[in-house]
Amino acid sequence: MAPPLSGKYTPWTHLRRLRLDAGMTRPELANRVGCSYEQLCRIEQGRGSPSDRLVMRLAKIFGELPSVLHSTSPPVPVPAREAAELAS
């Protein structure tokens with residue numbers, strides 16, 4: 001697991017945490033979800049908002065509920081199976 005992130009929680013710091021925990025770089029994740037590296041940087045830094053379609057792709061990759069990626073509160077763990085069923 002990557003070291004803790006400092007600062008205020010945002011949905012996009014959670015996205016960064018998911019990416020780091022998966023051992024992915026920004027270019028790797030951007031390629032997997034079909035967006036540019038620059039767009040992913042803006043999203044992770046809270047300077048841009050992803051489309052609903054992109055949120056669905058991100059949620060599927062990380063086994064998260066799409067609502068978790070829009071939430072302003074830290075996520076409550078959801079069983080992986082339930083998350084996978086809801087993300088598909």
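Where is the place of alanine 30? I found alanine 30 in helix 2. Helices here are DSSP runs of H or I with at least four residues, strands are runs of E with at least two, and both are numbered from the N terminus.

**Entry: ground rules.** This is a predicted model, in which local features need pLDDT of at least 70, side-chain atom pairs count only at pLDDT 80 or more, and totals for chains, interfaces and linings use all residues. Residues are numbered from 1 along each chain as its sequence is written, and side-chain values use heavy atoms, with hydrogens and water left out.

**Entry: the chain.** I counted five helices and zero strands. From the N terminus the order reads α-α-α-α-α. Of the 88 residues in the chain, 35% are buried. Buried means under 20% relative accessible area, exposed over 50%, and partly exposed in between (1.4 Å probe, protein chains only). I noted an accessible surface of about 5500 Å², with 53% of that area on carbon and sulfur atoms. The areas come from the Shrake-Rupley method with a 1.4 Å probe; for residues, only the protein chains shown count as cover. Then I checked contacts (heavy atoms within 4.5 Å). Among those between residues at least 6 apart in sequence, 48% join residues at least 24 apart.

**Entry: alanine 30.** I went back to alanine 30. Its relative accessibility is 2%, so alanine 30 counts as buried. Setting aside residues up to four places away in sequence, alanine 30 touches Cys35, Ser36, Tyr37 and Leu40.

**Entry: helix 2 on helix 3.** How do I describe a packed pair? I use the angle between the two axes and the distance between the axes. Axes are lines fitted to C-alpha atoms, for helices over the stretch in contact, and angles run from 0 to 180 degrees between N-to-C directions. Helix 2 and helix 3 (residues 37-44) pack at about 110 degrees, with axes 9 Å apart. That makes the two helices roughly perpendicular. Angles of 65 to 115 degrees get that label; under 35 is roughly parallel, over 145 roughly antiparallel, and the rest oblique. Helix 2 brings Arg26, Pro27, Leu29 and Ala30 to the contact, and helix 3 brings Tyr37, Leu40, Cys41 and Glu44. By class I list six nonpolar, no polar and two charged residues. Ala, Val, Leu, Ile, Met, Phe, Trp, Tyr, Cys and Pro count as nonpolar, Asp, Glu, Lys and Arg as charged, and the others, Gly among them, as polar.

**Entry: helix 2 on helix 4.** Helix 2 (residues 26-33) and helix 4 (residues 52-62) pack at about 115 degrees, with axes 10 Å apart. Helix 2 and helix 4 are therefore roughly perpendicular. On the helix 2 side I see Leu29, Arg32 and Val33; on the helix 4 side, Leu54, Arg57, Leu58, Ile61 and Phe62. This contact divides into six nonpolar, no polar and two charged residues.

**Entry: methionine 24.** Which loop holds methionine 24? I placed methionine 24 in the loop between helix 1 and helix 2. At 11% relative accessibility, methionine 24 is buried. Beyond its neighbours within four places in sequence, methionine 24 contacts Arg19, Leu29, Arg32, Ile61 and Phe62.

**Entry: aspartate 21.** Aspartate 21 sits in helix 1 (residues 11-21). Aspartate 21 is partly exposed, at 36% relative accessible area. Aspartate 21 and phenylalanine 62 are 41 residues apart in sequence, and their C-alpha atoms are 9.9 Å apart.
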